Number of protein chains: 2
Amino acid sequence: MATKKVTSLEVAKLAGVSQSAVSRVFTPGASASKKTNEKVLSAASELGYRPNILARSLITGKSRIIGLVVSHLDNYFYPEALELLSNALQKKGYHVLVFMASKTSGNIDEVLDEILDYQVDAIILASVAMSSNLATRCVDAGVPVMLFNRTQDDDRFSTVTSDNFLGGQKVAKFLIAGGHKRIGYIAGWEGASTQHDREAGFIEELKQHGRSLYAREVGNFVQDDARQAARKMFTKKEIPDAVFVASDDMAFAVMDVIRFELGLKIPEQVSVIGYDDVPIASWPAYDLTTVRQPANRMVAETVSIILECIENTETKPRRIEIDGPLILRGSAKISDKSNKE
Amino acid sequence: MATKKVTSLEVAKLAGVSQSAVSRVFTPGASASKKTNEKVLSAASELGYRPNILARSLITGKSRIIGLVVSHLDNYFYPEALELLSNALQKKGYHVLVFMASKTSGNIDEVLDEILDYQVDAIILASVAMSSNLATRCVDAGVPVMLFNRTQDDDRFSTVTSDNFLGGQKVAKFLIAGGHKRIGYIAGWEGASTQHDREAGFIEELKQHGRSLYAREVGNFVQDDARQAARKMFTKKEIPDAVFVASDDMAFAVMDVIRFELGLKIPEQVSVIGYDDVPIASWPAYDLTTVRQPANRMVAETVSIILECIENTETKPRRIEIDGPLILRGSAKISDKSNKE
DNA sequence: TAATATTTTGCAATCGTATGCATTATTAAT
DNA sequence: ATTAATAATGCATACGATTGCAAAATATTA
């Protein structure tokens, strides 16, 4: 009934050794004889002893906690990433402390203070940016920061993204090959590097073929805004025959408007392409052609970099861009051989 | 460059007071004069001092960390719940440490040890069960445990669910009123209380009307299994004209099979009803009639109970069931007045 | 077997903060 | 102005572990 916290001292008494001996048995890499090992372990399991991570952290300066800041769990790319991330870190003996960044106020200042209070070993910002001021605070505190699925003009932290520029190019190439004449783009939030790079690659490739955007709206990576954008874009006299939407999440909303509000056929009248390849994209109701963000590889890189930074504080920040394939499905017309542009 | 950890002692020196004074300024409810307060706060902000939560926890025995065990982040009900939960706890000064329970092995034993190592103030199990043995360990350790969206035959922990039995009843009532003759059910994982209660309510209400299940398959709360179940159920000679699927997530998969593989019309030939009311259910491509699980109220209850348990260790476990409405959309035929059964 | 090298072990200090207790400064009451 | 009550402060200890250091135990070598 009463709260029992078993301490190393109690184990030591029962095992007939010193408290340090107990500690050493539970500290990988410390020296302890076979005999003590046995005595301590049996005493520990008898009492149900497990070392107190918090007390350990106080000494070692390592909490084995990674702070993760997320804002858009409603975009299905992030739960997936969170799951992978948490699993991968768990395997390495770390755990994820979650902080929600309020979507409205982009400032994560308060949240960041809270994170640092927990003495986290590192911070991962998932699709969240950080003021230069805050970055300095983290660097001063010796806490490595990683950006996941976002870059920023600050070379003090590592970033992992998909190759957004290349992804944009692939989409443009594919749409042009499909014989589309009037190509539109629905942008994400314009403060996001992912949005910026996807669009830049897209436009660049169009330009290479002597083409340019026929229409452009902004959806802010938010479904409601995307719906509005689609309504604007597709109620003009001459509507686009293809649209690249900066995220799958928005693309679903756009498809819904196109099909169910406006009664247009996809892909016969309009081709739609998304970005992310979240699971829903493969559901037959959407069957969305999209650029895959390889979440597993992105997470693997993130974990490997972050552990390296923790182990070796002198590690230089890195910027990783992972190539992802264009996944061909039914929401966009496929290149017709006779039709070469 | 070097890792600087500013301690209360340094602040004390700069402010010209004792270390205890600094501590008191940062401890709500402790006494400190106006003068010291000012001196300390200004010194603290000059040095960028913030109290070390871990050190504090060591003394107070409270870590302000809540351990959350999740397994199904791919079911979109959980990211939503996680977001709400994290936000609500954040407001109260707590944070969520995430542990993924491997979906394959139902045993969360190892995970639980890790949780306890972090000296969490409480544990929330989201749709995860716990062996009686483990429960005892938690009780012994004085850590309150809550089940979210699951109940269990163990009165040592509180549970919060929607009223699954009533929900099942509502669905049956509605389908019967809609004039359906052959009613099927696709079950979730049979070890889950939610599955069990939904089905029990459903069957009970059918019985009240002198009816029984026309067909039944098991989907295990997994989309692939649900697809298989749907294929079996709807390739018989005489197929059901209505099916209740134990979760939205499975319902989407079932709808896809019904419409795109088998070419049947929803709701003309088959009515489909789900459970959860995740955001996708309202997307026009699915437009799913479903029972809403009021995530916000469920989370609010969870947080309030858990905080109460932390404050007052004598708090008795409670079992909350929250009623959720049946949300009428287009995937199921609506009662036709002329047609009374 | 004796001398040396190596491994184990316990002691004691430490991490950064909270808090009971005794003391002093402040305020209120007479 | 004097005394009594209250508030503020500092001292010292505790929380539960890790770890450098020196002593003791064990293993190695000649």
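Predicted model: local features only at pLDDT ≥ 70, side-chain atom pairs only at ≥ 80, totals over all residues.

**The interface.** Colour chain A and chain B separately and select the residues where they meet: 54 residues of chain B are in contact with 54 residues of chain A. The area buried between the chains is about 5100 Å², and carbon and sulfur atoms give 59% of that area. On the side of chain B, show Leu54(B), Tyr118(B) and Trp283(B), which lose the most area to chain A and together account for 14% of what that side buries. Next, select Asp117(B) and Arg50(A), whose side chains meet in a salt bridge at 2.5 Å, N to O; the interface has 2 salt bridges. Between the two chains, 14 residue pairs are in polar contact, and the side of chain B that touches chain A has 28 nonpolar, 13 polar and 13 charged residues.

**Helix H12 of chain B.** Select residues 295-311 of chain B, a helix of 17 residues that reaches 24 Å from its first C-alpha to its last. Its buried residues include Met298(B), Val299(B), Thr302(B) and Ile306(B). Which elements do the buried residues of H12(B) pack against? Among them are strand E1 (65-70), helix H5 (77-91) and strand E11 (319-322) of chain B.

**Val128 of chain A.** Move to the loop between strand E3 (122-126) and helix H7 (132-141) of chain A, where Val128(A) has its place. Is Val128(A) buried or exposed? At 6% relative accessibility, Val128(A) counts as buried, and its contacts include Val69(A), Ile108(A), Leu147(A) and Arg150(A).

**Charged pairs.** In helix H10 (residues 223-233) of chain A, Asp224(A) and Arg227(A) are 3 residues apart, and so are separated by about one helical turn. These two form a salt bridge, with the closest N and O atoms 3.0 Å apart, although Asp224(A) counts as exposed at 51% relative accessibility.

Finally, select Arg292(B) and Asp277(B), whose salt bridge has its closest N and O atoms 2.8 Å apart. Arg292(B) lies in strand E10 and Asp277(B) in the loop between strand E9 and E10 of chain B, so the pair ties together parts that are 15 residues apart in sequence. Arg292(B) is partly exposed at 32% relative accessibility, whereas Asp277(B) is buried, with a relative accessible area of 12%.

Notes. Residues numbered from 1 in each chain as written. Chains lettered and ligands numbered in written order. Heavy atoms only, no water. Helix = DSSP H or I, 4+ residues; strand = E, 2+ residues; numbered from the N terminus. Expected span 1.5 Å × (residues − 1). Buried < 20%, exposed > 50% of the residue type's maximum accessible area, 1.4 Å probe, protein only. Contact = heavy atoms within 4.5 Å. Buried area = accessible area lost by both parts, 1.4 Å probe. Salt bridge = Lys/Arg side-chain N within 4 Å of Asp/Glu carboxyl O. Polar contact = N/O pair within 3.5 Å; in protein donor to acceptor, adjacent residues only side chain to side chain. Nonpolar A, V, L, I, M, F, W, Y, C, P; charged D, E, K, R; others polar. Lists of a residue's contacts leave out its neighbours within four places in sequence.
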